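Here is a brief tour for a first look. Keep the sequence and the structure side by side as you read.

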Amino acid sequence: MASQIQERLTTDQDLLLMQEGTMLRKVRTKTWKKPRYFRLQNDGMTVWHARQADGIAKPTFSISDVETIRKGHDSELLRYLMEEFPLEQGFTIVFHGRRPNLDLVANSVEEAQMWMRGLQLLVDLVASMNSQEQLEQWVRDWFNQGDRNQDGRMNFQETQRLLLLMNVEMDEDYAYSLFQEADVSQSDTLEGEEFVQFYKALTKRTEVEELFTNFSSDGQKLTLLEFVDFLREEQKEKDHAADLALEFIDRYEPSENGRLLHVLSKDGFLSYLCSKDGSIFNQDYLPIYQDMTQPLNHYYINSSHNTYLLRNQLCGQSSVEGYIRALRRGCRCVEVDVWDGPDGEPIVYHGHTLTSRILFKDVVATLAQYAFQLSDYPLILSLENHCTWDQQRTLAKHLTEILGEQLLSTTLEELVVDKLPSPELRGKILVKGKKLSIIEDTEVEEEEEEGLEKDQDSDMDSDTFSVLNVQPERESQELPLGIKDKKKFYLNSRTILCPDLSALVVYMRTVPFFSFTHSKENYHIYDVSSFSETKAKHLIREAGNEFVQHNARQLCRVYPSALRTDSSNFKPQEFWNAGCQMVAMNMQTAGCAMDICDGFFRQNGGSGYVLKPEFLQDIQSSFNPQRPISLFKAKILLVQVISGQRLPKVDKTKENSVVDPLVKVEVFGIPEDTAKQETNYVENNGFNPYWGETFCFRVQVPELVMLRFVVKDYNWTSRNKFIGQYTLPWTCVKQGYRHISLLTKDGTSLQPASIFVYICMQEDLEVDES
């Protein structure tokens, strides 16, 4: 049961010192800074802390939860405290998902570097593990948890306790029989390899063995032809089956002799099914696979709302960390609400609320550093400008000086005026905002008020736009060059737009929306309108086809209602159905809506850009998401939920509690395609539950469908509790027998938890009379 981590624990000097432990200062806030004794545990996978070296320790984090380690200079909090703690002695542990960062300060630069090197080494080792190594590490972790006295062996009493920890309630006599079979040394304990055999007996997959036997003539192996038949008939690999069979045998058959003979054993068959090639997500669609040379308005764009917030929009914390997290999720459109700040420095926060403030220049510096680490496709900076003239000039100065060559400040020479650039505009940041424009003879009527949303949200369709005769607010205020004080301009409701800032808006000029006819007659392809979710839903219901055509011509942005003070989310699917490109999500808030968003943008290299279906790119499209026409061939989706593997506990503090899991299958698409069905629950078994239930869904427009698999713990006294989920587009689904690796609420891996399903897509033979 040795591993690279175990080997390094005894040889790497940094890891040896970390196992001894050191006193570090834990920094939570600007005022909460307390010393704690941190120590790497002997398993090399967990770090514990205590108030002092000989104090009662408790788990702090697992290495598998860590994404990266940052230097003190990159910590917003530690930079604020730099006069109290030298930045060179600080470092930050960044976790996957939405878990807050852990800021620590060592007693010396050398000690800080020791922790940073050691932790990053362990993170890299965990990241490099293949699925088999991850499973072995998981088994090793369970052995260490079950071995209470840490003597390297487990008696039957410890084994019974371990079964409950592993989320399975088993008949005592049956458990003891498995224990005796594994105890080949007859010592009444399980050691090393004996525990591995016990684990294998626990995880015996009868449903997989039956599937194997159905295609194997001798029940012991699959010949090359038998495996080709399986891949062609069940996995729907069709023309590629023969080539894939050879490739998979070479990749997953553990026996060298088997690989030479081109046969697949039961273990090799199971390894294939549990691998990325046996995943429900089509691996061909993980890298960039779409045409990235079309205009930006032909793509869905991964977009964030109130990006600076870490919590709710009434009193939550504003932080540059919000931008870092959004960019790490593949976001390509971030929002910056900017207001006048003290000392002439603009600040970012949610206006007229108790949210904290951060400096605009810090936000821009963060974008300069992190904008293109995950995706090098263009980043859109949605600028909500509430600043006065002087501070707008400061905005322009910071954008120009900090972003430098990253900022797109001029049109592309090869591009005609009435065509948007493509996502191939790599490494560039585009400012979306208001732009100066002289009004001709026609005047624009004010949009009807929308009550609370009108007052509280600053996005474009909530602004009150007027055409006014402008007078300078004071004699010293400078007007745009060549413009007299009586000229007419588009204005913010309070202040004049500064030409320096206006000039930085190149391809994304924000304009108010009045009607689809008005937009078609008066706006250009580079004009962008924003819609509250309420307005967008109304337009989809009342003029769905016009909205589709509008979004085929130009970009639009949809943002959550101001009534969502808890920063909850709408489901983006409804707006994607109408071709809305920038559907802005509160990325700090986990839940079904963000699962759909994350699942959708997992494809195409995680670039943040996904090409819309052709019928949503056509400016003369007849598609209406409320009433889809019969041009679409309906499909039948069959989903058999077969079994689950190694599901985690809902409440890890209760050793004796075991989950009663059920699986819900949800389909999101146009209204008539949206449906859900769920299995019965399996009592007291989260380790290897079996359901064997089949569901049927009829799908009218499969190109717009998202599938979500949710595992929950049944509770008859209250709501079922979330265990894990996985969400993906219909277009990325692989048919056949597939494993689905579950994710947490935050979208991080629940490895090795999974469910085993069978997927089949068929043409609907019924005549569509719509």
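## Sheet, helix pair and salt bridges

Six bridges join strand β1 (residues 22–27) to strand β2 (residues 33–40), and the two run antiparallel. The model is a predicted one.

Next, a helix pair. Helix α6 (residues 156–165) packs with helix α7 (residues 172–182) at an angle of about 120°. Their axes are 11 Å apart. The crossing of α6 and α7 is right-handed. From α6, the residues F156, T159, Q160 and L163 take part, and they meet E172, A175, Y176 and F179 of α7. By class, this contact has five nonpolar, two polar and one charged residues.

Now the charged pairs. The structure holds 28 salt bridges. Three of them are set out here.

| Salt bridge | Closest N and O atoms | Relative accessible area |
|---|---|---|
| D65 with R99 | 3.9 Å | D65 34%, R99 31% |
| E247 with R251 | 2.6 Å | E247 37%, R251 39% |
| R564 with E533 | 2.5 Å | R564 19%, E533 5% |

Which parts of the chain does the D65 and R99 pair link? D65 sits in the loop between β4 and β5. R99 sits in the loop between β6 (90–95) and β7 (102–105). The two are 34 residues apart, and the pair links distant parts of the chain. D65 is partly exposed, and R99 is partly exposed too.

E247 and R251 lie within helix α11 (residues 241–252). They are four residues apart, so about one helical turn separates them. E247 counts as partly exposed, as does R251.

Are R564 and E533 buried or exposed? Buried means under 20% relative accessible area. R564, at 19%, is therefore buried, and E533, at 5%, is buried as well. This pair also links distant parts of the chain, 31 residues apart. R564 is in the loop between β22 (556–559) and α21 (573–576), while E533 is in helix α20 (residues 533–553).

Some charged residues join in a network. Salt bridges link E67, R70, E321, R325 and R328.

Definitions and conventions
Residues numbered from 1 in each chain as written. Predicted model: local features only at pLDDT ≥ 70, side-chain atom pairs only at ≥ 80, totals over all residues. Heavy atoms only, no water. Pairing = 2+ DSSP bridges. Axes fitted to C-alpha atoms, helices over the stretch in contact; angles between N-to-C directions. Left-handed = near helix turned anticlockwise from the far one by under 90°. Contact = heavy atoms within 4.5 Å. Nonpolar A, V, L, I, M, F, W, Y, C, P; charged D, E, K, R; others polar. Salt bridge = Lys/Arg side-chain N within 4 Å of Asp/Glu carboxyl O. Buried < 20%, exposed > 50% of the residue type's maximum accessible area, 1.4 Å probe, protein only.
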